[in-house]
Amino acid sequence: MKIQDIKAIQLLLSTPKKIAIIPHRGPDGDAMGSTLGLYHFLLKNHHHPTVISPNEFPDFLDWMPGADQVVIYEKDKENASKILEEAELIFTLDFNALHRVGEMEQVLSRLQAPFIMIDHHEKPHDYATYTYSDTSFGSTCEMLYNFIVFLDKKQDIDITIGTCIYTGILTDSGSFRFPKTTGKTHRIIADLIDLGVKNTVIPTLLFDNSSFGRLQLLGRALQNMKVLSEHKTAYTTLTQDELNSFDYTKGDTEGIVNYGLSIKGIIFSAIFIENNEENIIKISFRSQGDFDVNQFARDHFSGGGHINAAGGKSEISMDETIQKFEDLVKNLNI
């Protein structure tokens, strides 16, 4: 991050302010970890922060410290809009284009307060007054740790802030398996564990706390899986009827896409999930090695993300979407 930007932000934060902190729509562990970690840091420094999420976050994240204080824009638009309009400073974390917040963009685009972006995705838009953008990081939470260090406030990172940061690094690194997990990542994790962050408990809270319906939904997704061995690709589908039949709640499909990569010889995995409310097929892509699912998602499914993890959408039917996907895969050099 530029030294002059750090000094300007230090000046901004030198007096108490009303601050809004915003993750992307459909927030994951990194989005919630970074926003809540920043929330506790700002509280500790005598500010008045509020995390405003565009929509609900998954149930498996509701144990996180401060999660019960998050304002959900879709459920409380009037109050959320008032908080945003009164904010003297706005942080956007884990996204770099305002359309990623959905309907909330209408409010954000008219605000006059300075914006600070902290994000690790490609091709950032230029809406922010101060931008900390670096695609070499595997998570925004790792960048938040650095951001606090840049402000000469490392001593403020306590077990609460550390728990939030640990959660985001753990989830966005694929439990430390993705290529952008570096020695520095592990040194940060070691620092957090030394602070008392419960590294043996958090994975259980995140990954081993399923409902029976969620396990049944996973079983159906595995039954639906198709393997295109000659193209080193696996994919699965879930229709709206299937989601409904297993009492789907937000977050129940998290991680299912990774199962395709557990098959020997598979490099590329995808899941296609029907969403009748939004009238789209929501898509997640994962890959191993050098195959760039970020570019694939951008080129073909109005999406994006990282080289090994990305998302997208389709506005045609499930059958048409799958046919399009299979046709594309047959022409890939994986």
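**K154 and its surroundings**

I started at K154: apart from neighbours within four places in sequence, K154 is in contact with Y145, I148, V149 and D191. I keep in mind that this is a predicted model. K154 is found in the loop between α5 and α6 (159-172). Is K154 buried, exposed or partly exposed? I get 43% relative accessibility, so K154 goes down as partly exposed, the class between 20% and 50%. I also checked K154 against S81, 73 residues apart along the chain, and found 32 Å between the C-alpha atoms.

**Helix α5**

How many of the 11 residues of α5 are buried? I count nine, so I call α5 (residues 140-150) mostly covered, taking buried as under 20% relative accessible area. The buried ones are T140, C141, E142, M143, L144, Y145, N146, F147 and I148. Two of these, Y145 and I148, are among the contacts of K154. Just after α5 I noted D152, which takes a positive phi of about 60 degrees.

**Second largest pocket**

I then went to the second largest pocket, which holds about 170 Å³ of space. Which residues line it? I find Q10, L13, S14, T15, P16, F41, L42, N45, H46, H47, L151 and K153. By type, I have five nonpolar residues, six polar and one charged in the lining.

**A87**

I looked up A87 in the loop between α3 (77-86) and β4 (89-93). With 10% relative accessibility, A87 counts as buried. Setting aside neighbours within four places in sequence, I see A87 in contact with K18, A20 and A113.

Why did I stop at positive phi values? Because most residues other than glycine have a negative phi. D94 has a positive phi, near 70 degrees. D94 is found in the loop between β4 and α4 (105-108), and at 1% relative accessibility D94 counts as buried. S302 is not a glycine either, and has a positive phi of about 50 degrees. I place S302 in the loop between α11 (293-300) and β11 (304-305). Is S302 buried or exposed? S302 is exposed, with a relative accessible area of 60%.

**Aromatic pairs**

Last, the rings. I describe a pair of aromatic rings by the distance of the centres and the angle of the planes. With centres within 6.5 Å as the cut-off, the count comes to 17 aromatic pairs. One of them is Y235 with F325, an edge-to-face pair at 5.6 Å centre to centre with 75 degrees between the planes. Why does this pair interest me? Y235 lies in strand β8 (residues 233-238) and F325 in helix α12 (residues 318-329), so the pair ties together parts that are 90 residues apart in sequence. I have both Y235 and F325 down as buried.

Which residues do ring pairs link into a cluster with Y235 and F325? I list F268, F272, F285, F291, F296 and F301 alongside those two. On F301 I noted one more thing: the charged end of K324 sits over the ring of F301, 4.5 Å from its centre.

Conventions. Residues are numbered from 1 along each chain as its sequence is written. This is a predicted model: local features need pLDDT of at least 70, side-chain atom pairs count only at pLDDT 80 or more; totals for chains, interfaces and linings use all residues. Side-chain values use heavy atoms; hydrogens and water are left out. Rings of Phe, Tyr and Trp (its six-membered ring) pair if their centres lie within 6.5 Å; planes under 30 degrees apart count as stacked, over 60 as edge-to-face and the rest as tilted. Helices (H or I, at least four residues) and strands (E, at least two) are DSSP runs, numbered from the N terminus. Buried means under 20% relative accessible area, exposed over 50%, partly exposed in between (1.4 Å probe, protein chains only). A charge sits over a ring if NZ of Lys or CZ of Arg is within 6 Å of the ring centre and within 35 degrees of the ring normal. On a 1 Å grid over the protein atoms alone, a cavity is a set of points where a 1.4 Å probe fits but cannot get out, and a pocket is an open set with protein on both sides within 12 Å along at least five of seven lines; lining residues have an atom within 4 Å of a point. Grid points are joined across faces, edges and corners, and a volume is the space filled by probe spheres set on the points. Ala, Val, Leu, Ile, Met, Phe, Trp, Tyr, Cys and Pro count as nonpolar, Asp, Glu, Lys and Arg as charged, and the others, Gly among them, as polar. Contact means heavy atoms within 4.5 Å.
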